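Biologist: Please show me the model, and then we can go through one of its chains by question and answer.

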Amino acid sequence: MSALDPRAGDEAVTIFERSSPGRRAFVAPEADVPEVPVEELLPASQLRERPAELPEISEPELVRHYVTLSSKNFHLDEGFYPLGSCTMKHNPKLHERVAALPGHARLHPLQDPEYAQGALELMWRLQGALSEIAGLPHVSLQPSAGSHGELAGLLLTRAYHEDRGERKTKVLTPDTAHGTNPATVTMAGYEVVKVGTAEDGGVDLDDLRSKATDEVACLMLTNPNTLGLFDRNIEEIAGIVHDAGATLYYDGANLNAIMGVARPGDMGFDIVHYNLHKTFTQPHGGGGPGAGPIAVSDRIEPFLPAPQVLRRGGDNGAGRFVLDHDRPKSIGKLRGFQGNFGVFVRSYAYIRSLGADGLKDASHVAVLNANYLKARLAEEGIAEYLPIAFDRTCMHEFVLSGRGAKEKLGIRTLDIAKRMLDHGVHPPTVYFPLLVDEALMIEPTETETRERLDQFADIVRAILEEAASDPEIARNAPYTTPVRRLDEAGAAKRPVVRWHPGDAGAPANDGQ
Amino acid sequence: MLGAIGAGSVEELFADIPESVRLGREIDLPPGLSEQEVHDHLAALAARNRHADAEVSFLGAGMYDHYVPALIDNLLSRSEFLTPYTPYQPEISQGGLQVMFEFQTAISELTGLPVSNASVYEGPSAVAAAGYLAKLETRRTKLVASRGLHPHSRAALRTHAVGYGMEVEEIPLTGEGETDVEALAAAIDDDTAAVFVQQPNFLGTVEQLGELAEAGGRTGALVVCAADPLTLGILKPPGEQGVDICVGEGQTLGNRLDFGGPSFGFFAASERFLRKMPGRIAGETRDVDGRRGFVLTLQTREQHIRREKATHNICTAQALNALAGVVYLSWLGKRGLVELAELMLRRTHYARESLGLEAINPVPVVREFAVRVPDLDGLFERARAERINPGYRLGHDYPEYEDGLLVAITERRTREDIDRLARLVGERAGVAA
């Protein structure tokens, strides 16, 4: 491939293939201590025999490599990202600035708490705000992401029951649940029992009653659920679960719908996790970092992870903030140190920016936007191909079925999603929840303007109209992306999960 | 918009929420603030923390004050890396997916193990994830952990092991701060699913990893090593010494201290565990035009496909932090990593000699070492006044080292810094002039 080939720049080249012996970016600081031979300091048995094959590359080429890679990513700051259950809302730029302040970014996690009072106060204030938002009195910020919070919740449930001398073996999850819920149940040592969905999209109460035996430790519920529907029977559900002696767990992935309107604690939930990387604006980073704090009721509090951030002493700023490790009934530590503090800084900044009114407004607009887009997509020319799965007022998201498009146009939800890529928008979550055939799960968030929502509806209409005349266009989409449809089956069948010297992936040192 | 919806008000859209569970009041939080006010409030909080630029710190114990090059701040702040979701649509996520593939390659090189995932949360929970893999693989009930494993890793392992129904047995360190290989051998039996050691261990000791792996793996238990990826620049890779799974804390690779997170954890293993690994894995493939590309692969391990049969529940991991890791390793490069690790090694030994204190682990160390300090409180008092942080008090986690101090050295701690600490140590009450 020559440098004049218009495709030369397109073929992916890894950083390892750009390596050339002798090039470098790093210059070591001065060697200011005696240059004792390494062999005298380390046992021969533990010396590396050959250096790790890391790239040898200059700083300009290193920067170009990663800037070029970055240009192959679609991202939230570029365009509409209605990925259901992921809450892709705007990430305010202030947050990056305050997170980078040396007092935050350069603070060692084991610094004496006396010299980390600002950080501990921030955590304490965030705990208080999250507690108020969820309506549960005690918060641990420790879990690293939503699924880690779920695991914490079930370990807390186990500790709670064991403390009462009870042994329970099952956890209920609705068939609409996020995949993390049943996966967590297994990791926490329980057996999954699925609960069905009623015709209105809520929990099937009869099914729940029949399965809520005294062997059940917990019901894990998302409300609004993954269909974007608020379960109107939530109080009855809580009653059934509590009568069985089980805890009620709130998967906070969809909390963005109800901030300042209703609180899980008031609905009867015992344990809640928050996704700070969804509801509270931590940028998603292409797959993390996140944070998954949990809030719990009084009866669960003794078991919370250690350490807890507490304030001791007087009110009005006179108190000192401490890390309390003395928690005899605690489930222990879920991870190192105090949690993803950098995420806490951003989420705390968000809560302070919006305040009580702003958080409620955010949920109001998220629900307004979702219902508006749902209405636009219910118009003639769209709804006959993409009917709404459950025709009710939705909360912050809704689910369409691609059943009609499959039957009438011969294109699948996957084809519609791939064709959207050519229109410069991110597709919705597809093929989830599982109980909806050819599902498209759409969450616009409060970030979007009416114009953006209209534009998306127009794109959907255009794709369907185009498919009516030529379905092959969608079936073979996308066309304008850095690569087109990839062989995922082949990748899984013959996994290549690292680069090896001599791999024939691409020409080494292209153009040089 | 309400007209298009057919609703009279936004409140109507919430009609499904029963009145009885409505909040019925405003949430009790302060009103919103302007950008400037939020900035100033957070800056005031930050100013009350004594951070690593505001003192000379020898504090390590799992996170270390390394220099992070400017290009990392620059690249990580790009919206293209900062603001996408997990790459579910590979055609518009080739940047992030290729970064994962490169990250996996770098981790595989460092650890000497053929397969790596694209990151887990952080170090201690990565240790716990290895415990879960051992459970799935062996169906055995016991985990054996060296007391040289980071106290937080042991704690996280115990917490998670309750869930998957396993017990954790600890084995002691010798009088020289190494994992007691005989005690390890004695602790292993047919119920042992995995053995956990750390390289270098929590006291900084360079363990005889091959001997530990041989003793630990005797009965078919998996050998898990938690490693500091930076020191693997000069230490023999765990994968060349009989280790099955190598996990660790990635903060040392270009990540901030951030009061403990976010950083990343890594998880590398023998080929036979590829289909039991936790988390995302990027794989190389081709598109319909034959062009090279990358996808999330082996997803049938994962929660969103396999649900209760998944090999782990992890969804969101630490992609952005892993990006910092691979950029950092590329910045150091093949020779720079060795140079940096050798500088740390030499300064560490220089520091241990200079302090002239009784060593808890008088054996080879690489970036950190433990000593007994007769007047530990006095040293902290004198040092704090000079804005020097002498290190980590081992008594927090090891009652047997009540007077122990763990001293960490990075490329940021110069000879002059070390000499200052040595002078403070020498100024013991009744000893100083």
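Modeller: Two residues are in contact if their C-beta atoms, placed from the backbone, lie within 7 Å. This is a predicted model, where local features need pLDDT of at least 70, side-chain atom pairs count only at pLDDT 80 or more, and totals for chains, interfaces and linings use all residues. Residues are numbered from 1 along each chain as its sequence is written, and chains are lettered from A and ligands numbered from 1 in the order in which they are written.

Biologist: Which helix of chain B gives the most to the side that touches chain A?

Modeller: On the chain B side, 164 residues are in contact with 168 residues of chain A. Helices here are DSSP runs (H or I, at least four residues) and strands likewise (E, at least two), numbered from the N terminus. With 23 residues, the one that gives the most to this side of chain B is helix 11 (residues 319-355).

Biologist: How many residues of that side of chain B are nonpolar?

Modeller: Ala, Val, Leu, Ile, Met, Phe, Trp, Tyr, Cys and Pro count as nonpolar, Asp, Glu, Lys and Arg as charged, and the others, Gly among them, as polar. The side of chain B that touches chain A has 48 polar and 37 charged residues, and its nonpolar residues number 79.

Biologist: Which element supplies the largest share of the side of domain 1 that touches domain 2 in chain B?

Modeller: The domain assignment, automatic or from a database, gives chain B domain 1 (56-68 + 333-426) and domain 2 (72-327). Their centres, taken over C-alpha atoms, are 27 Å apart. The contact takes 25 residues from domain 1 of chain B and 26 residues from domain 2 of chain B. On the domain 1 side, the largest share, six residues, comes from helix 11 of chain B.

Biologist: How many residues of helix 6 of chain B are buried?

Modeller: A residue is buried if 20 or more other C-beta atoms lie within 10 Å of its own, exposed if 12 or fewer, and partly exposed in between; C-beta atoms are placed from the backbone. Across chain B, buried residues make up 64% of the 433 residues. Helix 6 of chain B is mostly covered, and of its 16 residues the buried ones number 13.

Biologist: What radius of gyration does chain B have?

Modeller: The radius is taken over C-alpha atoms, and the globule rule is 2.2 Å times the number of residues to the power 0.38. For 433 residues a compact globule would therefore be near 22 Å, and chain B agrees with this at 25 Å.
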